[in-house]
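Dear colleague,

I am passing on the structure below, and I would be grateful if you could look through it alongside the notes that follow.

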Amino acid sequence: MLMLVLAPLGEETLHRGLIEGYLLHHTSFWVAIVFTAVIFGLVHILAFRDAPRGFRIFVVLNAFLIGLGAGYFRALSGSLIPAYSLHSAANLGGMVGWLWLEKK
C-alpha cells in the first residue's frame, strides 16, 4: 500500500507539484523537468543505501527516467494525476520484478 499509493502521492506532490510547479513559472520547460527529475532520482539513493552499488545505480537511473516522464506529463497536462499514475505503475513493476527475483 505504501509503495503504490502513499509514496507516489507524497513524492509527486513534492517534486512535480511544488518544485516543478515553481520552476515551470521561473525557468524554462525543460530546465524544470530535468532539474526535478535529477532531484527525484538522487532522493532514491536514501531508500536503497544498503543495496549493492550496481543496484543503487539502476534505481537512481530508473527513478530519473520515471521523473522525466512524470515531469513531462505533469507539465503538459497541468495535472499531477499522470505523475501519480506513472509513479504508482513504476512501483508496481518494481515490486513484481523484485518478487520474481526473490522466487528464483
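**The largest pocket**

Helix H4 gives the most to the lining of the largest pocket, with nine residues; helices here are DSSP runs of H or I with at least four residues, numbered from the N terminus. This is a predicted model, in which local features need pLDDT of at least 70 and side-chain atom pairs count only at pLDDT 80 or more, while totals for chains, interfaces and linings use all residues. Residues are numbered from 1 along each chain as its sequence is written, and side-chain values use heavy atoms, with hydrogens and water left out.

A pocket is an open set of points on a 1 Å grid over the protein atoms alone, where a 1.4 Å probe fits, with protein on both sides within 12 Å along at least five of seven lines, and lining residues have an atom within 4 Å of a point. The lining comprises 24 residues, of which Met3, Phe48, Val59, Asn91 and Gly94 lie nearest the centre of the largest pocket, and H1, H2 (29-47), H3 (53-77) and H4 (81-103) each supply at least two of the lining residues.

**The salt bridge**

The structure holds one salt bridge, a side-chain nitrogen of Lys or Arg within 4 Å of a carboxyl oxygen of Asp or Glu, and the side chains that meet in it are those of Arg16 and Glu12, at 2.6 Å from N to O. Because Arg16 and Glu12 are four residues apart in helix H1 (residues 2-26), about one helical turn separates them.

Best regards
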